[in-house]
Amino acid sequence: RAISQARHEAVVDPRQGLPVIMLAARSLSSRPLGQARHELSTVVDRWTPQQGFIRAWGGWANSTLALAQLQSSIGFTVPSFKARAAILFEEVGVALARADEKSLADLVTPSCLRSMLPALKARPRGQRHSWTSHGVTASIKQIRLAHAKQTGGEEQRRYAQVTCVVDAAMVYEISGAGETASTGSSEAPHQLCDVWVYERALGDGGSWRLKERLGTLSELQQTSQPNGTGSAQG
């Protein structure tokens with residue numbers, strides 16, 4: 001599915017030029033088969049841009065092995081995942097703009113949803129937020145697999161986490177309730193470069209969801225150290 005242009009509503013922090021709810025999603029944070037209730041407890045291997053050679057090589061090997069296992073277990077392909085990751089980026093934005101908790105429950109993990117709810121509920125009555133995005137692309141940086149023990153006697157489940165850099169041209173606008181603000185314009189949109197971790201349970205009924213927003217790429221570049229974790233680009 002091609003990503004062209006979409007206009008959404010979203011909550012925006014004019015001081016930082018980013019949707020407030022996306023900033024909240026930086027905190028820790030697919031529905032059948034009990035998926036809405038289950039997730040990994042954390043991001044198993046937090047990707048950083050700056051890496052030492054040994055860790056980078058080891059990380060690449062881990063991602064290559066995980067990719068092969070995903071290909072055999074769920075028919076994973078890099079092009080199809082990148083397209084889905086870009087679409088999910090926009091779907092999350094639509095649901096956030098509408099304060100649609102039901103849709104968000106399908107699009108993000110439970111912990112991620114909990115981090116978003118305060119900003120959703122703090123939105124002033126009568127205030128409108130618009131988010132226009134186009135040219136959304138996702139680039140895979142690393143792939144990891146992990147197991148999680150389930151409660152209630154359920155068998156252990158395996159999960160995949162894929163870290164992506166998501167690029168998009170965006171315009172944020174706020175109007176109503178005594179406030180007007182904007183970041184970017186149709187002539188000069190704000191260039192967003194975010195790092196997202198997507199997660200899904202393997203097996204029947206699994207689908208990709210947003211696990212955690214790690215931050216902008218520039219923020220991670222400023223704070224990362226040479227001994228970061230490995231990556232696989234695609």
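Is R84 buried, partly exposed or exposed? R84 is partly exposed, with a relative accessible area of 29%; buried means under 20%, exposed over 50%, and partly exposed in between, using a 1.4 Å probe and protein chains only.

Quick background, everyone. This is a predicted model, where local features need pLDDT of at least 70, side-chain atom pairs count only at pLDDT 80 or more, and totals for chains, interfaces and linings use all residues. Residues are numbered from 1 along each chain as its sequence is written, and side-chain values use heavy atoms, leaving out hydrogens and water.

Back to R84: it forms a salt bridge with E91, with the closest N and O atoms 2.9 Å apart. By salt bridge I mean a side-chain nitrogen of Lys or Arg within 4 Å of a carboxyl oxygen of Asp or Glu. E91 is partly exposed too, at 28%.

A search of the whole structure turns up seven salt bridges. Take E212 and R46, whose closest N and O atoms are 2.7 Å apart. E212 sits in strand β8 and R46 in the loop between α1 and α2, so this pair ties together parts 166 residues apart in sequence. (Helices, H or I of at least four residues, and strands, E of at least two, are DSSP runs numbered from the N terminus.) E212 is buried at 3%, while R46 is partly exposed at 40%.

Then there's R213 with D194, at 2.6 Å between the closest N and O atoms. R213 lies in β8 and D194 in β7, so they link parts 19 residues apart in sequence. Both R213 and D194 are buried.
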